[in-house]
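Dear colleague,

Please find below the structure that I am handing over to you.

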Amino acid sequence: MTEHVTVQLSGGAIRGRRLDEHLSFRGIPYAAPPVGERRWRPPAPVEPWSGIRDATVPGNPAPQLAQSFADVTSVDEDCLTLDVTAPSTTGTGRPVLVWLHGGGGTNGTAAIYDPRRLAISGDVVVVAPNFRLGVFGCFGHPGLADGGTFGLQDQQAALRWVRREIAGFGGDPANVTLIGESNGALAVAAHLTSPGSAGLFHRAILQSAFGMLGPAPAHTFMPGVPTLPPMWTPVAELDRLGAATAAEHGWISDAESALAQLRRVPAEELLQVSGNFIRPAFGGTTLPESPAEALLAGRFHRMPVLLGTTLDEARFFVGLAGNPVTAESYPRLLSEAFGDAAEEVAARYALDRFPTPSLAWAQICTDRAWARPAWELGRALAAHTDTWFYEFADRDAPPLVPLPGAPTGAQHSSELAYQFDIPGAPQLTAAQRELADRMNRYWTAFAANGDPACADLPAWPDAATGHVQSLAPERIGATDYAAGHALDFWSRMP
């Protein structure tokens, strides 16, 4: 039987639910709706309300078009809400995890990820905000102040809400861990360097960040995709892109009132170009410099960091491309990606070593575009702060998105079903459920203490040795990450 629970916030009272062993509050506004004249402006404070506000239904997803890996659509810009999940037992001062979802920068929503297992087993409070995405979060245009960072500003507003309000849910505002996966991990990296994020969180977890430190060679994100620029773009470059896009679509007729006209363009039209605006801009107030440069130089907020990748990251994207790599196309991909070094890469990743050319290419992409930059980032962080590195390695992990044509292995995002209950996700086996429990215990121990160590679980290796914590049902323990992903080889390659 559902029992309602009321919490008093600074803006008014909310009513959530007590379910089994946890409390659930959904759709709590943490900033005013960024609609109308508030489009492409910093998040504004919530207007207080009278009475008791219902907090049992998820808030609107950020505006987005459906994607094969996230079947969510919305054109409603009123999206700045968050969900809170907490243990139902009496307690105060619990560690807080703030979850930033992935989705390529254009897609995703907090409602997909049910964190009850994390909250209950780890005795933590989990906060999951929605925030502006794509063209609404990373748009820039001449005259638009601090363009390209509105999604990051939303996340900062959510963190400030946590600082003000989380004690009412039993959480400790002085012990907040910011955790993100994929594009969410990129956002965590940005907050590690953003002046406005200082003091808003105290530990960081980055899962499977892509493009963090520099461009990815052609086809190494996905076959058919050219060389990708860094995930961080100068604000002047973003302004030029925004102006060119607006002109191309005829959204502006008067240069003097360009921003006013752009704020009247229907969301449905803007979403058609959303994929062009996924890179946060630096050079403004929110991100004064590129996070890549700042992180490598040690200019970031000092705190413990846990980061890692999956064993077979790129199999997801090679499969998603829908065009299998063949023995005939393999040399062309190598040449276009690596130029004069193509023959050396071909010798290292000879086709006769792999069941299919697609798996050979996926291994190259995993090693070059995922493992190498993650390792470089880990080493840069470890020079200044306590850093732990993992690799999710269950090659029998059930894929969140079945892709035909190749074994999925421990592909990108496959660890999420171990951390969260996700609607429609395949069931885990008993051994996988045990791994999920152990992973969540590591993550919540890190949130509590800044160290993932658990007395009755395998210790974490020192990443300085080249070894990281491998996470698989059959084995948890040190694995030679540098050797497994040929990082000595890739340190010499473009």
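Two strands are said to pair if DSSP finds at least two bridges between them. Helices (H or I, at least four residues) and strands (E, at least two) are DSSP runs, numbered from the N terminus. The model is a predicted one, in which local features need pLDDT of at least 70 and side-chain atom pairs count only at pLDDT 80 or more, while totals for chains, interfaces and linings use all residues. Residues are numbered from 1 along each chain as its sequence is written, and side-chain values use heavy atoms, with hydrogens and water left out.

I begin with strand S13. Three bridges join S13 to strand S14 (residues 467-472), and the two run parallel; Glu 391 stands opposite Ser 470 in S14. S13 is also joined to strand S12 (residues 305-310), by six bridges and again in parallel, with Trp 388 of S13 as the bridge partner of Leu 306. Strand S13 itself (residues 387-392) is mostly covered, six of its six residues being buried (buried means under 20% relative accessible area, exposed over 50% and partly exposed in between, with a 1.4 Å probe and protein chains only). In a regular strand the side chains alternate between the two faces of the sheet. In S13 both faces are covered: Thr 387, Phe 389 and Glu 391 are buried on one side, and Trp 388, Tyr 390 and Phe 392 on the other.

Strand S5 (residues 81-87) is likewise mostly covered, with seven of its seven residues buried. Thr 81, Asp 83, Thr 85 and Pro 87 lie on one side and Leu 82, Val 84 and Ala 86 on the other. S5 pairs with S3 in the antiparallel sense over six bridges, and His 22 stands opposite Pro 87 in S5. S5 also pairs with strand S7 (residues 125-129), antiparallel over four bridges; here Thr 85 stands opposite Val 126.

I turn next to the helices. Axes are lines fitted to C-alpha atoms, for helices over the stretch in contact, and angles run from 0 to 180 degrees between N-to-C directions. The axes of helix H3 (residues 150-165) and helix H4 (residues 183-193) come within 11 Å and cross at roughly 75 degrees. H3 is therefore roughly perpendicular to H4 (angles of 65 to 115 degrees count as roughly perpendicular, under 35 as roughly parallel, over 145 as roughly antiparallel and the rest as oblique). Leu 152, Gln 155 and Gln 156 of H3 make the contact with Ala 187, Ala 190 and His 191 of H4, where contact means heavy atoms within 4.5 Å.

Why is H4 largely enclosed by the rest of the structure? Eleven of the eleven residues of H4 are buried. What covers them includes strand S6 (94-100), H3, strand S8 (171-181), strand S9 (203-207) and helix H8 (291-296).

Helix H10 (residues 329-338) and helix H12 (residues 357-382) pack at an angle of about 15 degrees, with their axes 11 Å apart, which makes H10 roughly parallel to H12. Tyr 330, Leu 333, Leu 334, Ala 337 and Phe 338 in H10 meet Pro 357, Ala 360, Trp 361, Ile 364 and Arg 368 in H12.

Finally, Ser 50 is found in the loop between strand S3 (22-29) and strand S4 (52-54). Ser 50 is exposed, with a relative accessible area of 70%.

Yours sincerely
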